[in-house]
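Student: Could you show me how to read a few features of a model, starting with a hairpin?
Tutor: Gladly, let's look together.

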Amino acid sequence: MGAATAFPGSGRYWDDGTSVARLREQLPDTVLDEVEFRGERTVVIDREAVLDVLSFLRDDEACTFDFLTDITAVHWPDRAEPFEVVWLLYSFRRNRRLRVKVREGVEPSVPTAVPLWPAAGWLERECYDMFGIDFEGHPDLRRILLPDDFEGWPLRKEFPLKR
Amino acid sequence: MSESLRATSHGTGKETITINMGPSHPSTHGVLRLVLELDGEIVTACKADLGYLHRGFEKIAENKTWQQFMTWTDRMDYLAPASNNVGYILAVEKLLGLDVPARCKALRVILCELARVSAHFLWLGTHALDLGAATVFFYTFQQRELIYDLYEKWTGARLTTSTVRIGGLARDLPPGWTEDVKSYLKQVTAVIDECEGLLTRNRIWVDRTKDVGVISAEDAVAFALTGPPLRASGVEWDLRKAQPYLDYDRYEFEIPSGTVGDVYDRYLVRMEEMRQSVWILEQALQNLPEGPINTDAPKVVLPSKEKVLTSMEDLIHHFIIITEGIAAPEGEVYHAIEAPKGELGFYLVSDGGPAAYRCRIRPAAFVNLQAIEKMAIGQLIADVVAIIGSLDPVMGEVDR
């Protein structure tokens, strides 16, 4: 690709793996996979441990991910576990980001993060609205951008662009 | 009204009425609809109903090439389109692992900071108008027009600027443009001062905004507020400082912050941000690097017309980029900028194809707006208007 250049600062503001190592040590068997791309670290965790992991990452003194930047999902219809639910965390104290992922089956359902971060309220509603992901225990899980009587989950791959 | 939208009073036992504010109400800044439950004039519950401007941008992104989708971003926060363009393109460049020349970075900073000044002027004019201070509106809209003129001269468009390209920019500055901006900047500070003179110590303005819609620093973080609403609560955090992109670490500027986190603090923060942006613009123009605006990446950046007509290789590159789009590696990235409204992030997932497999837009305005359901409680209904203005939601970005 032409002259060898690199996007400046790639990875400088992402967790360097210390939080994941700490997670493996303190909550064994919760980490299923760890990926690094362009300096960005993603940790794939066990579905059963979502709340434990998120609250550990938030409260642990070495992790301090006190800020929930975003919640979203990705649909991979050809995979055995077609849904990925993605939490993007940020630590003010350490100025580092970390992406947390869970892989889900055909009826995706994960626990809500509202008790940890009120910010999760609308983010989870949007994720539900677009992908049909059930956030168990969400105080008010209903469509947010689309009308109440809308049918289907538009960001799933089988949903057509036009119809 | 559907039952699910009916706000609840949490069992206070008082008789309340439920009213709609919006979606077509001049003070709700577009198509925001709030369902308010009132005990007299006091708001006891507030729920927002969104989506009146939903256009499915994230779905569209999956069906357009990487470059094509940039034009859609203009229509998100349509008060700062150039800033959205830059935010999106930076995420694509991160995915590609691409750096751009110093001149390009400086020009993008100019795009972003002009957008911030323009967006804040619109916020100020409408916010003041909502609270009955009509005069300010005329000053701010005139200033905004002048910025649009500058955009038009450079990019050919006033609103849909779409001038950022993967690996560079569509065009360099036209002759005399920097002089135009310099003379614009010379007069703008006086206008900001004049607006402040009309409001900052104005008794009515202070009464309407002080201690209204307060949110503590702790709550601001819990609600994931970013941008001016976060800083007004006392958290000095700005992505341009915390995670500098576009060489922002080479500019001198300060992050204004508040202490109380009320409507008044959010007002003061944005006013100071405009001055800081003017300062950044002056530095960018002063030290504008010479050199190319596009990075040397022939498989990504379109060649000049002259080269297409004279060189076989460039003709092929041009053909491939236009017909097939560029190939991005498999992987996923997140990149965020400090947009006028706060953290505007793009989470791009690529399966190696010419378009995003998934493009998640982390909208600052959407996340910030959520806090209104908390801020409005216990306030007068008239103050809800002040709170909406102080959160500066732009529904194009909230609904996407």
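Tutor: In the hairpin of strand 4 and strand 5 of chain A, four residues lie between the strands, and A:Asn95 takes a positive phi near 55°. Strands (E, at least two residues) and helices (H or I, at least four) are DSSP runs, numbered from the N terminus. This is a predicted model: local features need pLDDT of at least 70, side-chain atom pairs count only at pLDDT 80 or more, and totals for chains, interfaces and linings use all residues. Residues are numbered from 1 along each chain as its sequence is written, with chains lettered from A and ligands numbered from 1 in the order in which they are written.

Student: How many bridges join strand 4 of chain A to strand 5 of chain A?
Tutor: Two strands pair if DSSP finds at least two bridges between them. Here nine bridges join these antiparallel strands, and A:Tyr90 has A:Arg97 in strand 5 as its bridge partner. Strand 2 (residues 40-45) of chain A runs parallel to strand 5, joined by three bridges.

Student: How do I read helix packing?
Tutor: Two packed helices are described by the angle between their axes and the distance between the axes. In chain B, the axes of helix 6 (residues 177-199) and helix 11 (residues 263-286) come within 10 Å and cross at roughly 160°. Axes are lines fitted to C-alpha atoms over the stretch in contact, with angles from 0 to 180 degrees between N-to-C directions. That makes helix 6 of chain B roughly antiparallel (over 145 degrees) to helix 11 of chain B.

Key: Angles under 35 degrees count as roughly parallel, over 145 as roughly antiparallel, 65 to 115 as roughly perpendicular and the rest as oblique.
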